[in-house]
Amino acid sequence: MSKKFQLKNGLKVLFLESHKSPVVSVQMWVKTGSADEKKGEEGISHFIEHLVFKGTRKYKVGEIAATVEGSGGELNAYTSFDQTVFYVTISKQFSDVALDVISEMMGFPTFDSQEIDNEREVVIEEIKRGQDSPGRRASQLLFTNVFKKSPYGRPVIGYDKVVNKVSPKKIREYYQSRYVPSNMFLVVAGDFESKEMKKKVEQMFGEFAPYKLRKVSRGKEPAQKNIRIKVEHAKFEQTTGYLTWRIPSVKNKDIAALEVLSAILGQGDSSRLMQSLRIKEPLTNSVGSFSYSMQDDGLFAISFNLEKENLGKALQALIPEMTRIIETPPTAAEMQKAITNFASHEVYSMETVDNIARKAGSNEFYYGDHDYYKKYMKQIYALKPEDIQKVAKKYFKANSFGLSLLTNMEKKEAEKILKGFSKDLKKAIEKIKPSKAQQKFAAKKFNINLGVEKHTPKTEKIVLSSGATLLIREQKETPYVAMKAAFMGGVRVEGENQNGLTELFSRNWLSGSKKFSEDEINLKVDEMAAGIGAFGGRNSVGLSMDYLSPFEDRMLEIYADSLLAPQFPEAILEREKIVIKNQIKARNDNPAQICVLNFMKEIFKGHPYSRDVIGTEQSISAIGVKELKDYYGKIAHAKNLTICVVGDVNKDKWVKSMEALTKELPRGEKITNSFAVSDLKENKKLFHELKKEQSHIIVGYRGLTLKDPERFTLEIIQSILSGQGGRLFLELRDKNSLAYSVSPMHMEGIECGYFGGYIGCSPEKSEKAVQMLKAEFQKLAETKISAEELTRAQRYLIGRHDIELQRKSTVGNAILFDDIYGLNYRESLDVADKYFAVTPEEVQKLAQRIFAQPAVISLVGPSDVK
């Protein structure tokens, strides 16, 4: 049920009642983004997004996050080109907290001069972090190449020179001219009664000052009349690029056809580009396409990530795909697959109240109609194959595309390859004589009952006659199912020199089965708008799938054959070995990952957990089909298998199906191998030199096991330190401006675990960061926490738990992994009593036990610390 109204001050309000979960999402959409900034204001929208968290007339620094998280909620915000969005998701019993916090941040921020100065450093750290990210750098290059006059060509985060100099006065002026009631709208979605909620909204948001809105005239991007090539040399291992064309704004009638075109070209494993450039031959590590529609003109892009030596060959392979879509309409099957995927979004988006609010907010922002999806789907259903061909011909012009490339190749060499490709593509497009043949096509409508079926979910554990375990939870509020099956094994069953075997096994598990080839699996799953995937970790390996319930029988057929009869074709194995080796070579592009790997090697020295999960180039080279089949034979026993299914299912049908499926497996035994853990006898400091803008640091200690009775106390410690209201954020970020990213981290394993903290900061701040992480840990050991802080931590954990359990896949994971590790499978679904039983004395005692141990410090960056 939806309700829309406007307050006297001009603020529009949208209510979306959904009673499937006791959760509420409150979102404020501000109709201002980086594209509304004038010269000298670049980044001010994003800066204000940070600053409204730093204090209001009612809340001091840190109190906003502490209040929300102390009520079990989560809060955040994001800035884009067109809008800035602030949101709180919280248990319905604390919805007043969400309303109060959002109203204070949006209506009454203080913009304290000292806090502005503190936050400048945090945003500068965020900018530096972006400079170390190949994805962010490549994306920025893309937009600067496409948009020369439009503000879309500027980075949303802005420039450090502006962030460093913008005055408090300028910030207030911008806020008062754009954060105006008539330029914002409030979305409330979830479990509430509209009549009561309206009174609260009027009371809390009605007193917003109706400042005068500053009208913005954005620079209009002139038509692109040439081919643009932009290459940036950067010291990243992998090359990332985009081929782009301009497209019109989000409201244009061609957008629906362009979205379908994008889906056919490069979305999903069965798409044209994935087949040509990744699956048939691994010319790229990843490839895809997207249609990016905005308030003003947008762009259509082909994205690719590859090894530089493959650049020329990959680009040449693009040409026939681009010409084919202009020359000949897509097939009826491709059309139906794309349309089914678009229609399925309606179901998937209903799983959480955040998604409900986000989708409605986006539609309201761009179209003035929160329910625009229905009109959009009418456009989608009306499309014919010729319409897709028509927009391809209209927008994929021979003389007005762009090429941007971030690479460690010599710039002149890269430009030469791009210029050669652009000539070839231009010539190929100019030669095309589009087919005028028409094919009969009428889209099959996707009719699924979205009504909520009221019932109380019940979880059951059934040991099948084969020895396998089935965990089943009928949860029918949406026609969606999440299923996962796991075998014990993982890295723990790899041989001494077989690092990466589990990872390579999981990447090849769906490369073909007895009944279905890899291409058939990819195509059939994409046609059903479903998902199927293999996973492999330190303790287990398995297959998961998610689908809409009308497709259950077809998905089960694919799943069963893949589980029971994987074939591991050699050609596909060799292809995946190339890709995984490329990933290993590109490790330096992810310094935080290197930091974690080095830490794990030391904290778990001599134990399988110390191994690099994806292996080394040498270990991957040595793995063949025989090793994959031997690995499967080692783990694939019925008694070693646990299956969990959550969603719109029928218990009797699933029991019958799983009885039949698991009887095909050898009965075997559950894998219960164990490994000794050597003591850590002294502090260790590891340094890995890497010339980056930021240093990445972990300070950690041995932690607990999965069955340790004190694991709930450790989660309380994690909660005290984490979140925007937690000690690490408050002390290291809010008060000392050391970093943009700082957080606690932990892992519980079968024989051992770890607990510690991570921070990414400028190199000159590294020494202070290490000292402060250690100091925060020691405070917990030396001083008993207050009852108030304990309550905040308990509520934060319980609230986050309830929010996360909106997702069926999260529910399934919790049940499954509790059971395979020998815990009560119901435990993770009902944790409130466990958290509320923890005392301040227990927190201090466990902190003393953990932080008295030797520490391992892992640092990756340009310089070491003392």
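**Exercise 1. In what order do the six strands of the open sheet stand, and is the pairing mixed?***Solution.* This model is predicted, so keep that in mind as you work. Start with the order of the strands, which reads β12-β13-β17-β14-β16-β15. The pairing in this open sheet is mixed. Next, look at the two ends: β12 (458-463) and β15 (531-536) are the edge strands, and because each has a single partner, one side of each is left without a neighbour in the sheet. Finally, ignoring direction, neighbouring strands are turned against each other by 15° on average.

**Exercise 2. Find the sense in which β14 and β17 pair, and the residue that stands opposite M483.**

*Solution.* Locate strand β14 at residues 480-488 and strand β17 at residues 641-647. They pair in the antiparallel sense, over seven bridges. Now pick out M483: the residue opposite is V645 in β17.

**Exercise 3. Describe helix α12: its reach, its buried residues and the strands it lies across.**

*Solution.* Begin with the reach. Helix α12 covers residues 332-348, 17 residues in total. From first C-alpha to last it spans 24 Å, close to the 24 Å expected at 1.5 Å a residue.

Then turn to burial. The buried residues of α12 include E334, M335, I339, F342 and V347.

Helix α12 lies across β14 and β16 (540-548), and runs at about 100° to β16.

**Exercise 4. How many of the eight residues of helix α10 are buried?**

*Solution.* Find α10 at residues 272-279. Seven of its eight residues are buried, so this helix is mostly covered. Listed out, the buried ones are R272, L273, M274, Q275, L277, R278 and I279.

**Exercise 5. Is D369 buried or exposed, and what does its side chain reach?**

*Solution.* Find D369 in the loop between α13 (353-367) and α14 (372-382). Its relative accessibility is 16%, and because buried means under 20%, D369 counts as buried. The side chain of D369 reaches the backbone nitrogen of D371 at 2.9 Å. Leaving aside residues up to four places away in sequence, D369 touches K4, N363, E364 and K375.

**Exercise 6. How many salt bridges does the structure hold?** **Examine three of them.**

*Solution.* The count is 62. Let's take the examples one by one.

- D734 and K54: their side chains meet at 3.2 Å, N to O. D734 sits in helix α26 (residues 727-735) and K54 in the loop between α1 (44-51) and α2 (63-69), so the pair ties together parts 680 residues apart in sequence. Both D734 and K54 are buried.
- K653 and D553: the closest N and O atoms are 2.7 Å apart. K653 is in helix α24 (residues 651-662) and D553 in helix α19 (residues 552-564), so this pair ties together parts 100 residues apart in sequence. K653 is partly exposed at 32% relative accessible area, while D553 counts as exposed at 51%.
- K476 and E474: the closest N and O atoms are 3.8 Å apart. K476 counts as buried at 18%, whereas E474 is partly exposed at 25%.

**Exercise 7. Which residues are linked with D36 in a network of salt bridges?**

*Solution.* Starting from D36, the other members of the network are D82, R178, R218 and D296.

Definitions and conventions
Residues numbered from 1 in each chain as written. Predicted model: local features only at pLDDT ≥ 70, side-chain atom pairs only at ≥ 80, totals over all residues. Heavy atoms only, no water. Helix = DSSP H or I, 4+ residues; strand = E, 2+ residues; numbered from the N terminus. Expected span 1.5 Å × (residues − 1). Buried < 20%, exposed > 50% of the residue type's maximum accessible area, 1.4 Å probe, protein only. Polar contact = N/O pair within 3.5 Å; in protein donor to acceptor, adjacent residues only side chain to side chain. Contact = heavy atoms within 4.5 Å. Pairing = 2+ DSSP bridges. Axes fitted to C-alpha atoms, helices over the stretch in contact; angles between N-to-C directions. Salt bridge = Lys/Arg side-chain N within 4 Å of Asp/Glu carboxyl O.
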